[in-house]
Amino acid sequence: MLEPTTFADAVLTTGGALNNAPAAAALAVGLAALGAGYAEGGIGAAAVGAMAEDEDLFVNGLILTVLPETLVILALVVVFIV
């Protein structure tokens with residue numbers, strides 16, 4: 001029997017993580033949510049700071065804060081389609 005030499009060989013020969021579709025979907029949505037949350041933290045702080053100086057920037061700040069959340073919604077749509 002051949003021993004796997006790399007991680008990719010091990011996954012392909014054993015069928016490990018690639019055969020678990022629900023786990024892959026959960027990982028995809030979780031990583032998308034983690035990235036969106038990280039992005040919203042910085043954007044939200046900057047938007048609130050900008051709005052504190054000029055109230056007319058509320059709409060721009062709101063749009064820029066919500067924009068990363070669309071990535072999570074897109075990930076959910078892709079999970080349900082696939």
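**View 1. Confidence across the elements of the predicted model.** Helix α1 (residues 7–14) has the lowest mean pLDDT among the elements of the protein, at 61, whereas α3 has the highest, at 92. The model is predicted. For the protein, the mean pLDDT is 83, and 77% of its residues reach 70 or more.

**View 2. Helix α2 along its length.** This helix spans residues 21–53. With 33 residues, α2 reaches 48 Å from its first C-alpha to its last, close to the 48 Å expected at 1.5 Å a residue.

**View 3. The buried residues of α2 and their partners.** Val29, Ala32, Ala36, Gly44 and Ala47 are the buried residues of α2. Their packing is against α3 (58–66) and α4 (69–81). In an α-helix there are 3.6 residues a turn, so residues three or four places apart point the same way.

**View 4. Gly41 in α2.** Gly41 lies in helix α2. Gly41 and Thr65 are separated by 24 residues in sequence, and their C-alpha atoms lie 8.6 Å apart in space.

**View 5. A nonpolar patch on the surface.** Six side chains are shown here: Ile73, Leu74, Val77, Val78, Ile81 and Val82 form this patch. Together they have about 620 Å² of accessible area. One of these residues, Val78, is found in helix α4. Val78 is partly exposed, because its relative accessible area of 41% falls between the 20% and 50% limits.

Terms used:
Residues numbered from 1 in each chain as written. Predicted model: local features only at pLDDT ≥ 70, side-chain atom pairs only at ≥ 80, totals over all residues. Heavy atoms only, no water. Helix = DSSP H or I, 4+ residues; strand = E, 2+ residues; numbered from the N terminus. Expected span 1.5 Å × (residues − 1). Buried < 20%, exposed > 50% of the residue type's maximum accessible area, 1.4 Å probe, protein only. Contact = heavy atoms within 4.5 Å. Patch = residues over 30% accessible without salt bridge, like charges linked within 9 Å, V, L, I, M, F, W, Y side chains within 5 Å. Areas by Shrake-Rupley, 256 points an atom, 1.4 Å probe, with all protein chains shown as cover. Salt bridge = Lys/Arg side-chain N within 4 Å of Asp/Glu carboxyl O. pLDDT = per-residue confidence, 0-100.
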